Every structure is written in C-alpha cells, then in structure tokens.
Amino acid sequence: MSDIKLQAIDLTKKFYGTAGEVVAIENVNLTVKESEFVMIVGPSGCGKTTLINLIGGLEEQTSGEILLDGQPVKGPGPERGMVFQGYSLFPWLTVQKNIEFGLKMKGISKSERAEQAKKYIELVGLNGFENALPKQLSGGMKQRVAIARTLANEPEILLMDEPFGALDAQTRVVMQELLADISQKTRTTILFITHDIDEAVLLGERVYVMSRRPGTIRDVLDVNLPEIRTHDCLVLPEFLEAKKKIMDMLWQESQDAALSR
C-alpha cells in the first residue's frame with residue numbers, strides 16, 4: 001500500500017475579474033506522505049494560500065486533481081483540518097467548550113467530548129485554562145486552542161496557513177517547538193505554509209519552494225536534521241546549508257521578477 005497521504009496533480013487556479021484573467025498557481029504537483037511534516041515557502045503573492053485553500057476545499061481548482069488516500073476530494077471535509085493565522089475562536093465559549101465544539105456537532109456524548117478535550121488541552125500545555133474565555137488568553141494561547149480544537153476532530157491531515165505569523169518573535173519560537181513536539185507525539189500528517197525560511201527548515205522534513213506568480217513548484221528539498229526539532233538545530237551545518245539553498249532560490253525569484261517588469 002502506498003504511504004502517500006495527499007497528492008496535488010497539475011493543480012491550476014485562475015481568477016477572473018474586471019482586470020481579466022489572473023493565474024494564481026499553475027501546474028502545481030506535490031505529495032505529502034503519511035505522518036510527514038511538509039512545508040511550503042515562496043515569495044509574497046506566489047499563491048501559497050490559494051494552494052492550501054484548494055486542498056482544504058475553500059476554493060475550487062480550475063484544473064488538476066487533489067487526492068487524499070488516492071481518492072479525489074472536493075469541498076471542505078473533516079478529514080482535512082485547517083488552522084489559520086487568525087484563531088477563529090468563539091469568544092463566548094471557554095477553552096474547553098471551543099475544543100469540544102466540533103465534537104458536539106458530530107453528536108459525540110458529553111463525557112467523551114470532555115475526555116477528548118482534556119487530552120488535547122494537556123497536549124498543547126493549557127492545563128488550568130480550561131474555563132478561560134478567549135479574551136483572557138494571549139495570542140499564543142489562543143493559537144494553542146485553535147490547534148487543539150482541530151486535532152480533537154482527528155483529521156487525516158492538518159493544513160496550516162501561516163499559523164504563527166501574527167505572533168511576536170519569542171512566542172513564535174515557543175509555538176514552533178510546541179508544534180514540533182506535537183508532530184512527534186501524534187504523528188499527524190501536516191502541510192504548513194510559511195514565508196519564514198528558518199521556520200520552514202526547522203519544522204519541515206521536506207520543503208517545497210514555490211516560484212513567483214503564477215506559482216508553481218520551483219524545487220523541493222529534503223531536510224536532514226535530527227528527528228527531535230528544537231532551536232538548537234538553527235546552528236547546525238545541515239540547517240544553514242538548507243537555509244542558504246532556499247534563500248538563493250527566493251533571491252533569484254526576486255531578481256527574475258524585477259527583470260520582467
């Protein structure tokens with residue numbers, strides 16, 4: 001049996017408006033294996049968010065195919081959990097009730113919901129905050145709730161669109177190490193978009209580098225870092241080598257864009 005969880009095959013998305021046709025992404029091909037942590041990085045406006053919205057079913061592709069476990073997928077579905085930069089928490093619900101919300105919609109019993117919520121509250125380090133409202137939480141804590149809520153629904157793949165982009169630098173470091181730890185403990189399949197090269201190399205087992213618009217896959221790099229990812233990895237030769245390769249690609253993309261104007 002194939003260990004490929006997700007495939008995007010010749011994926012193209014065009015938008016149409018008063019200015020005419022805009023090609024956001026073109027002939028994108030990528031794969032994500034079971035339990036793999038894959039990053040997508042690229043220049044601003046290259047279509048990273050469009051790509052993950054297509055995979056999440058929030059947009060419909062113009063052409064191409066998206067396969068999950070070998071089966072075509074269209075529209076949103078609980079098997080694809082999404083975490084955005086904005087937390088999208090219900091402000092009137094406590095931490096525990098926010099995490100339980102999706103489970104309640106599935107008709108899961110109150111006791112089972114509470115047990116599941118407790119498990120993921122512990123996983124994201126929010127013990128003691130079960131009864132807090134979102135307004136009482138910091139940005140990093142709100143994102144922990146958003147991650148726990150998504151994981152509690154046990155999606156087959158976690159899709160993350162710049163989830164730490166709005167956080168301050170120190171909180172971002174903490175959240176990166178937390179997510180790396182969650183990935184190791186749960187073996188959740190993750191596809192993660194970022195504009196931060198350090199974040200891409202630190203977290204990813206593989207990194208897809210996108211070209212400028214219309215976005216396509218310029219290259220893919222395997223990241224050879226220790227299985228346990230912490231910020232000690234930032235000074236390793238393997239980290240610095242991978243970072244430089246990506247920086248060189250993105251620099252060339254910016255030069256090509258300048259010359260084409």
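The legends below describe close-up views of a predicted model.

**View 1. The largest nonpolar core and the contacts of Ile246.** The largest nonpolar core holds 51 residues, and within this core Phe192 and Ile246 touch the most other members. Helix α4 (residues 139-152) supplies the largest share of this core, with 7 residues. Once neighbours within four places in sequence are left aside, Ile246 is in contact with Val41, Ile197, Val201, Val207, Val209 and Leu221. Another core lies apart from the largest one and has 24 residues, including Leu30, Ile52, Val73 and Ile193.

**View 2. Strand β3 and its two parallel partners.** Strand β3 (residues 37-41) is mostly covered, with 5 of its 5 residues buried, and this burial extends to both faces, with Phe37, Met39 and Val41 on one side and Val38 and Ile40 on the other. Strand β8 (residues 190-194) runs parallel to β3 and is joined to β3 by 5 bridges, with Thr194 of β8 as the bridge partner of Val41. Strand β9 (residues 206-210) also pairs with β3 in the parallel sense, here over 4 bridges, and Tyr208 of β9 is the bridge partner of Ile40.

**View 3. Aromatic rings around Phe37 and Phe192.** The whole structure contains 4 aromatic pairs, one of which is formed by Phe37 and Phe192, a tilted pair with 6.1 Å centre to centre and 40° between the planes. This pair links distant parts of the chain, as Phe37 belongs to strand β3 and Phe192 to strand β8, 155 residues apart. Phe37 counts as buried because its relative accessible area is 2%, and Phe192 likewise counts as buried because its relative accessibility is 0%. Ring pairs also bring in Phe164, so that Phe37, Phe164 and Phe192 are linked into a cluster.

**View 4. Lys13 and the ring of Phe15.** The charged end of Lys13 sits over the ring of Phe15, at 5.0 Å from the centre of that ring.

**View 5. Helix α1 and the residue that follows.** Helix α1 (residues 48-56) is largely enclosed by the rest of the structure, because 8 of its 9 residues are buried. The buried residues of α1 are Lys48, Thr50, Leu51, Ile52, Asn53, Leu54, Ile55 and Gly56. After α1 comes Gly57, which has a positive phi, near 85°.

View 6. Among the 16 salt bridges found in the whole structure is that of Asp69 with Lys5, in which the closest N and O atoms are 3.1 Å apart. Asp69 lies in the loop between β4 (63-68) and β5 (71-72) and Lys5 in strand β1 (residues 4-17), 64 residues apart, and the pair thus links distant parts of the chain. Asp69 is partly exposed, with a relative accessible area of 38%, whereas Lys5 is buried, with a relative accessible area of 6%. In a further salt bridge the side chains of Arg80 and Glu79 meet at 2.7 Å, N to O, where Arg80 is buried at 6% relative accessible area and Glu79 is partly exposed at 21%.

View 7. The side chains of Glu241 and Lys245 meet in a salt bridge at 3.8 Å, N to O, and both residues lie in helix α7 (residues 237-260), 4 residues apart, about one turn of the helix. In an α-helix there are 3.6 residues a turn, so residues three or four places apart point the same way. Glu241 counts as partly exposed at 49% relative accessibility, and Lys245 counts as partly exposed at 43%. Elsewhere, salt bridges that share partners join Lys5, Glu34, Asp69 and Glu156 into one network.

Terms used. Residues are numbered from 1 along each chain as its sequence is written. This is a predicted model: local features need pLDDT of at least 70, side-chain atom pairs count only at pLDDT 80 or more; totals for chains, interfaces and linings use all residues. Side-chain values use heavy atoms; hydrogens and water are left out. A nonpolar core is a set of buried Ala, Val, Leu, Ile, Met, Phe, Trp, Tyr and Cys residues joined through side-chain atoms within 4.5 Å. Buried means under 20% relative accessible area, exposed over 50%, partly exposed in between (1.4 Å probe, protein chains only). Contact means heavy atoms within 4.5 Å. Two strands pair if DSSP finds at least two bridges between them. Rings of Phe, Tyr and Trp (its six-membered ring) pair if their centres lie within 6.5 Å; planes under 30 degrees apart count as stacked, over 60 as edge-to-face and the rest as tilted. A charge sits over a ring if NZ of Lys or CZ of Arg is within 6 Å of the ring centre and within 35 degrees of the ring normal. A salt bridge is a side-chain nitrogen of Lys or Arg within 4 Å of a carboxyl oxygen of Asp or Glu.
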